[in-house]
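Please look over the briefing below alongside the sequence and the coordinates. The points are grouped by topic.

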Amino acid sequence: MMEQNNHNQSDVTDEIDESTVQELLAWITEESKTRIDKFIAEQLPDVSRSQVQLWIGDGKVLVNGQAVKSNYKLNIGDHIELSVPEPEAVDLQPELIPIEVVYEDRDVIVVNKQRGLVVHPAPGHSSGTLVNALMYHCKDLSGINGELRPGIVHRIDKDTSGLLMAAKNDKAHASLAAQLKDHSVTRRYLALVHGNLSHDQGTVDAPIGRDTNDRKMFAVTERNSKHAVTHFMVLERFGDYTLLELKLETGRTHQIRVHMKFIGHPLVGDPMYGRNKGIRMDGQALHAAVLGFVHPSSGEYLEFSAPLPEDIEDVLASLRSR
């Protein structure tokens, strides 16, 4: 039902970004009497419905070759064409932002990202990110992922700490992106969650898509969702809290946070999916502790680990002393 003419993005990340969408073609075979703005927003999870409405108002959405209004109701057989202009030019500048480099060579750099640091800029917000810091430190980053995200192969949330890799040339970028796509990259996280899990280990296999009630959030849903699998193992129990090791098989937006909420054990401190009671933290208690991949040039498997940040260690020490 959906074809997207965007070759680079599908190789690099699981998400569709409005800055990279160029043209979308759809022949409606199932949806009928659904509003055009609602339909497009559901097909492009990282694009807001208000943005779609602006595109429609600007005449960038055609149905059967004709401009329509946002409230147009789709009919079976309708042909939708969406054309989006190239993203506005941005002036990214290197910035002296402290970063902890775990490993670096001419192909790849691995950093231990601090909590609170956004990974890459967005339109209208081009400073104070990990990309700005990498531009200052590296001078050479791959260009595959576009002007706003040079070198970025994957990302972790602003308030998640831990290991993240970036590519320093296009060949390395293609190799790392392919490994992510094949689910061969090792990614293990440590998380403190609410409640006492009934099993010592298990797997959450539940599709994730945009939350229909709040488009800033994601949820387990069958509608316009993507396959998502998270494996967990209990490391330590504290009565009302549990320390987990989690292994990602897929890499959906907010995957661990959504899956833990889904099974009734949301992350401590999570402002979007957590509980507003108990331990208070500045952001979710989630840390990307282990990252492993095959080196793009040597073919050697490399694996790195990063210790928990001080704030999570302090919380664990307090729980252990009870």
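Arginine 257 has its place in helix H6, residues 255-262, where helices (H or I, at least four residues) and strands (E, at least two) are DSSP runs numbered from the N terminus. Arginine 257 is buried, with a relative accessible area of 5%; buried means under 20% relative accessible area, exposed over 50% and partly exposed in between, with a 1.4 Å probe and protein chains only. This is a predicted model, in which local features need pLDDT of at least 70 and side-chain atom pairs count only at pLDDT 80 or more, while totals for chains, interfaces and linings use all residues. Residues are numbered from 1 along each chain as its sequence is written, and side-chain values use heavy atoms, with hydrogens and water left out.

- Not counting residues up to four places away in sequence, arginine 257 touches Asp157, Leu267, Asp270, Pro271, Met272, Tyr273, Gln284 and Leu286, a contact being heavy atoms within 4.5 Å.
- H6 lies across S11 and S12 and runs at about 45° to S12, with axes taken as lines fitted to C-alpha atoms, for helices over the stretch in contact, and angles running from 0 to 180 degrees between N-to-C directions.
- An open sheet of three strands has the order S12-S11-S13 with antiparallel pairing, where two strands pair if DSSP finds at least two bridges between them.
- Strand S12 (218-220) and strand S13 (225-226) stand at the edges of this sheet, each with a single partner strand, so one side of each is left without a neighbour in the sheet.
- Strand S11 (residues 208-210) pairs with S13 in the antiparallel sense over two bridges, and isoleucine 208 has lysine 226 in S13 as its bridge partner.

**Whole chain**

- The protein chain comes to seven helices and 17 strands, and buried residues make up 50% of its 322 residues.
- Among the contacts in the protein chain with a separation of 6 or more, 65% are accounted for by residues 24 or more positions apart.
- The chain exposes about 15,200 Å², of which carbon and sulfur atoms supply 48%, the areas coming from the Shrake-Rupley method with a 1.4 Å probe and, for residues, with only the protein chains shown counting as cover.

- In helix H3 (residues 49-57), the buried residues include Gln51, Val52, Trp55 and Ile56. They cover an arc of only 145° around the axis, which puts them on the same side of H3; the arc is that of the directions from the helix axis to the C-beta atoms.
- An α-helix has 3.6 residues a turn, so residues three or four places apart point the same way.
- The face of H3 turned away from its buried side carries the exposed residues Leu54 and Gly57, whereas what covers the buried residues includes helix H2 (36-43), strand S3 (61-63) and strand S5 (79-83).
- Glycine 59, whose phi is positive and near 75°, follows H3.
- Helix H7 (residues 310-320) has Ile312, Val315, Leu316 and Leu319 as its buried residues. Seen down the axis of H7, these fall within an arc of 95°, so they line one face of the helix.
- Strand S9 (186-194), strand S15 (241-248) and strand S16 (286-294) are what the buried residues of H7 pack against.

**Hairpin and aromatic cluster**

- Strand S6 (residues 100-104) and strand S7 (residues 108-113) pair in the antiparallel sense over four bridges, forming a hairpin with three residues between them, and glutamate 104 stands opposite isoleucine 109 in S7.
- A search of the whole structure finds two aromatic pairs, with rings of Phe, Tyr and Trp (its six-membered ring) pairing if their centres lie within 6.5 Å, and planes under 30 degrees apart counting as stacked, over 60 as edge-to-face and the rest as tilted.
- The rings of tyrosine 103 and phenylalanine 304 have their centres 5.1 Å apart and their planes at 35°, so the pair is tilted. Tyrosine 103 lies in strand S6 and phenylalanine 304 in strand S17, so the pair ties together parts that are 201 residues apart in sequence.
- Phenylalanine 293 and phenylalanine 304 form a tilted pair, 6.1 Å centre to centre with 40° between the planes.
- Ring pairs thus link Tyr103, Phe293 and Phe304 into a cluster, in which tyrosine 103 is partly exposed at 24% relative accessibility, while phenylalanine 304 is buried at 13% and phenylalanine 293 is buried at 0%.
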